[in-house]
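Welcome! Open your viewer, keep the selection tool handy, and follow along one stop after another.

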Amino acid sequence: MTAGGGWETVIGLETHVQLRTASKMFCGCSAAFGAPPNTNVCPVCLGLPGALPVPNEQALKLAVRAALALGCTLHPKSVFARKNYFYPDLPKGYQISQFEQPLATDGALSYLSPDRGLTTATIVRLHVEEDAGKSLHDRFPKQTAIDLNRCGVPLIEIVTGPDFRSPQEARRYLQTLKQVLEYAGISDCDMEKGSLRVDANVSVRRAGEAALGTKTEVKNINSFAYVEKALSVERDRQVALLEGGGTVAQQTLLYDSKTSGVRPQRSKEESHDYRYFPDPDLPPLVLTEEFVAQQQAQLPELPAKKRERFMTQYALGVADADVLTGDRAVADYYEAVVHAGADTKLAANWVINEVLGDAKTHQEQLRVPPGALAQLIGLVRGGTLSQQAAKRVFAEVAERGGEPRNVAEALGVVQVADSGVVARWVSEVLGAHQQEVTRYKSGEIKLLPFFVGQVMKLSGGKADPKLAQKILEEKLAA
Amino acid sequence: MSDPGEALANAKAAADRIVKAKRLNACLTPPKELRQSLQKQGQAAHPSGVLYGMPVAVKDNICTLEFTTTCGSKILAGYRSPYEATAVAKLKAAGALVAGKTNCDEFGMGSSTEHSAYGRALHPFDKTRVPGGSSGGSAALVAAGAVPAGLGSETGGSVRQPASFCGIVGIKPTYGRVSRYGLVAFGSSLDQIGVFGRSVHDAARVLSVISGRDPRDSTCEARDPLRLPTVPESLQGFVIGIAKEYFPPDLDPAVRRACDRAIRVLKELGAAVREVSLPHTQYAVPTYYIIAPAEASSNLARYDGARYGPRYDGALDLRTLYRTTRGEGFGPEVRRRILVGTYVLSSGYYDAYYRRAQQMRALIAQDFRNVFDRGVDLLFTPTTPTPAFKAGEKLADPVAMYLSDIFVVTANLAGLPAMSLPIGRIKGLPIGGQLIGQAFLEDEMIEAAYALERMVPGAEDA
């Protein structure tokens, strides 16, 4: 919670999230990532003389859904404003954003803080804006290339209060935010592709102090892994400064992932007076109650709600429910397995251990169809497959597909419940372990599982363990 | 149905007349390119269109696929738009011909067409005088008889003022009546494409064609195109307001005489004439000169030399590239307005200037609503305080230049339709009378203009 030495860290985050739309915010150009430079452009997003913006309705729908998912107050009337500054990748010389009257304010997002448990971050505001293009400084020597494909791509900016007390908390909040936005289909939240970008305001103060210290803004944090690192580096820098008797200067810093350090942004890149004013090309954005209700109806069950429901409906513990609802696809998968007839607890174990384990090494693919997994779980429960055999079948189905029942037969791992066959295996095991038999008979009955294990081993996992135990008990009692 | 050869003949004749009027410096398109394009357009024009074969001169701040679109500025020298304005597309679809691009004050900033990087345009009847502005080129060409109609644009009277100076009809429709898509922005909340004609009918039918919804302009109302009224027998039932603020004591006596005569005609036609007051009128020019430059400072930020237009290539850094390109590319009046606009939007000054100007703008609009709510249908005023002034007369005094628009900027601030039509002359110089109508009731305004046009001796001395 504190940075050590009685210092408290205070962090607020500004997150830019690209909305998942086919086209741009104010024109019909594709918003897709990765097209050849300057191919997804038109007079509107190029800012050619005379061109005018027209809002993308799908983007507005997604923005409203985001505001609803984050419990914000949506404003029936919000206003697009121009943020004016000169830069070659900003073709109009201004960015269309929102300023005095944003789309939504006063939201909240609960997340599990590693330090404080379930904690609520306040969402100060959420507004809609367009993205700028990209300046490529490393493409041609001593020249800057401009790619305007990203120009006009729809974004929302989500601003929190100074609510986080550690870099770990900030990271956990971001993960939770990403989860919610992915769930609701609002954004891909892919930091590497830039569809989620975060700037952080960082300050430190003596523990117990009420006033905030001087903050710096840290930019260029371009992966989840760097969030914690960048913020820790900046926190430590500030603490060291203050402990050395210095002061923190209010400035914008760029995080450099190669050196794991921060450096001040060149002064000419900052201290803009953006001269915001309402964009006269766009009438105020008016949201009807009906429109908002429609967007509310489009929102899926969000992670926190789903987790609670899984705990009550499927009798799961908080840890299992948390893992299963962490990703919407996994949650849907789990429910499909249950609906296909699997026991809820067994299904949870299988999904968490086998399915997610397999997904980790296979590009997050859930490779075994839910129906097949339910069948597999049924086979174990009904005694047809041992747990061990079932894992082999699972791996085979994941790799090559097929019905678990058929695959099990083809692999020859179906449990043998023929008492004559099992009895022969039992006799062989007892014959080979005379010493243990003597110990068992003299009262050391905890050796029973050892004998069961040996029978399983001898049968190559095929012996029905319950039957084997029954026959073992009979023979050892004789 | 028109004769399929008519457009080609019209095109040739128009090209001849425009080239003949070359001394006016009203048309920026080189003669050879003009002839070639008009010939091609004449051949391609669709005979079923309502404007079949009508040559229409287009102000150079409206994007066309034919010809360059320079906005009268060096910073867009040689610029060819890859798309055309909705208004131009509608004109062409109706069979009209784009008859060259016309000279204007740079980006529409001016009242005399002297602030053009391509030289000043001349008044068609007196070469020592200005044709008005900023749409002076279109007005001069129509007045000189080179074309029957032209497109201009208004931010603060830039169609009505030159129409008045040149003795023709100029209509500025309601804000939102005509799409602004392809009109190069100056003050977006004020800008509107307007039309010139030698008669009310010519101007009105061009306006009717270019009006109507456009999904590319969020500020364009989703309404059907304007329906043309018929020429009325009388103005029985019309209530015409005369606002005292538009008839100050120092009004040019000839202008006053012409207006008085027009008011008598209105009464003779059966209209009820009522004196009214628009108390915030005196604040219109200062309000306008905060809002328009503020929007302009942002709208003109895109001309940075990075993507189109000439650029200063000797720059070692970005800042120098911007400074030099913009410093050399823009003329003094544009630079002045960008500076003013940047200032009034700056943090610390925004509330004192821009916000207060918006509040004043709302009061000015409310003045009009109050009058219309009390039964007034239209207002009649002089269009300008004086006839066309001398070239150079107001160049050194920007405020004097701004005040020549004192009667026209209110309609832009309130978003109302307004038009100017000739109501007399003094020493050969035309005088214009202005009608201001209610939002989206252009038809009533045009009806009154039809009646006035028939009865007022617009070409006679007042």
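Predicted model: local features only at pLDDT ≥ 70, side-chain atom pairs only at ≥ 80, totals over all residues.

## Stop one: a helix in chain A

Select residues 370-381 of chain A, which make up helix H9.

Now show the side chains of H9(A). Which of its residues are buried? They are Ala372(A), Leu373(A), Ala374(A), Leu376(A), Ile377(A) and Leu379(A). An α-helix has 3.6 residues a turn, so residues three or four places apart point the same way.

Then step just past H9(A) to Gly383(A), where phi is positive, about 90 degrees.

## Stop two: where the chains meet

Next, color chain A and chain B separately. Here 32 residues of chain A are in contact with 38 residues of chain B. Together the two chains bury about 2800 Å², with 56% of it on carbon and sulfur atoms. Select Pro49(A), Phe86(A) and Arg275(A): this trio supplies 22% of the area that chain A buries against chain B, more than any other three residues.

Two salt bridges are found across this interface. For one of them, pick Asp281(A) and Arg180(B), whose closest N and O atoms are 3.0 Å apart. Finally, highlight strands S5 (80-84) and S16 (277-278) of chain A, the elements that give two or more residues to the side touching chain B. By class, that side has 22 nonpolar, four polar and six charged residues.

Terms used
Residues numbered from 1 in each chain as written. Chains lettered and ligands numbered in written order. Heavy atoms only, no water. Contact = heavy atoms within 4.5 Å. Buried area = accessible area lost by both parts, 1.4 Å probe. Salt bridge = Lys/Arg side-chain N within 4 Å of Asp/Glu carboxyl O. Helix = DSSP H or I, 4+ residues; strand = E, 2+ residues; numbered from the N terminus. Nonpolar A, V, L, I, M, F, W, Y, C, P; charged D, E, K, R; others polar. Expected span 1.5 Å × (residues − 1). Buried < 20%, exposed > 50% of the residue type's maximum accessible area, 1.4 Å probe, protein only.
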